[in-house]
Amino acid sequence: PPEAGAKPASELQFYSSDLYRYIDGAADAFLGFDLIAMIHHEYKTKDADITVDIYDMGKPLNAFGMYAAERSPSYHFLSLGAEGYVSDFILNFFQGEFYVKLSAFSNDGKSAPDLLPLAQAISARIGKEKSIPAALSILPAEHRVAHSEKFVNKSPLGHDFLSPAIEATHLIEGKPGLLLVSKASDAIGATARVNQLRDYFRKSGKVGPGPNLVAGGFRGSNQYEGEIIFFSRGAYAVLCVNPPPQPEAFMKSVADHLANPQVNSLF
């Protein structure tokens, strides 16, 4: 956009299922979040060459999922779109169903060009929803590490039967653990996922009931995932990977959180 001080330097290029022609090694990740289409455009400013890639992921949760897969809680975050982050030569953000990636190469190879004006102009053109997907509220906010949330569309923790899931790191008494909520079609499906997990740990390590930890819960462990407490509530299978030493209070808070119908209807 000219209002951002950048002039187009190439024709628009469009990709969809042929995204591998543009980013061969990373294309599968985008397609795994059901990419609809992508637009690639190059711009030139006085001091830099800028690349803009706009991915239409079909729905906001998919856009967030791809964005979150490429971020780290340690990044420098911006109030841009629903959320964004910037480093010297990269600015990424998501907004509505779009995931937008800007990168730059400065002419002198030293100074970092200001990507924010162009990113703000693109955000204004999108002009849609700028909020975080409501489905993330399935995770309790207490103890949650900021910017650690992820939406995993396929194979959470390497298990196809847990798809899809929302997860985040939770820090309890200085110990980080992963809380994962896997969505099934109904309570029967969630129970089936718990049974599959129980069978998996029975074969790969050890597993036993943990009703003292959480009603209907199990504790499993092996050399791959370490220790996991898992149980089902409604249409959800819940996993706590690397739980705190005294997990009872946290497990109860998670179960109580899922009992809220306004929460568990969003994912």
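Predicted model: local features only at pLDDT ≥ 70, side-chain atom pairs only at ≥ 80, totals over all residues.
The rings of Tyr67 and Tyr85 pair up with their centres 5.6 Å apart and their planes at 40°, so the pair counts as tilted. This pair joins distant parts of the chain, since Tyr67 belongs to helix α2 and Tyr85 to strand β6, 18 residues apart.

Now look at the helix that carries Tyr67. How many of the 10 residues of helix α2 are buried? Eight of them are, so α2, which spans residues 60-69, is largely enclosed by the rest of the structure. Among the buried residues are Leu61, Phe64, Met66 and Tyr67. Their cover includes helix α1 (27-32) along with strands β5 (76-78), β6 (83-86), β7 (90-95), β8 (98-106) and β9 (150-152).

Across the whole structure, a search finds 16 aromatic pairs. One of them is formed by Tyr15 and Tyr22, and it is stacked. A pair of aromatic rings is described by the distance of the centres and the angle of the planes. Here are two pairs set out that way:

| Pair | Centre to centre | Angle between planes | Arrangement |
|---|---|---|---|
| Tyr15 and Tyr22 | 5.5 Å | 20° | stacked |
| Tyr67 and Tyr85 | 5.6 Å | 40° | tilted |

Is Tyr15 buried or exposed? Its relative accessibility is 8%, so Tyr15 counts as buried. Tyr22 has 27% relative accessibility and therefore counts as partly exposed.

Finally, a ring can also have a charged neighbour: Lys183 lies over the face of Phe267, 5.5 Å from the ring centre.

Key
Residues numbered from 1 in each chain as written. Heavy atoms only, no water. Buried < 20%, exposed > 50% of the residue type's maximum accessible area, 1.4 Å probe, protein only. Helix = DSSP H or I, 4+ residues; strand = E, 2+ residues; numbered from the N terminus. Contact = heavy atoms within 4.5 Å. Phe/Tyr/Trp six-rings, centres within 6.5 Å; stacked < 30°, edge-to-face > 60°. Lys NZ or Arg CZ within 6 Å of the ring centre and 35° of its normal.
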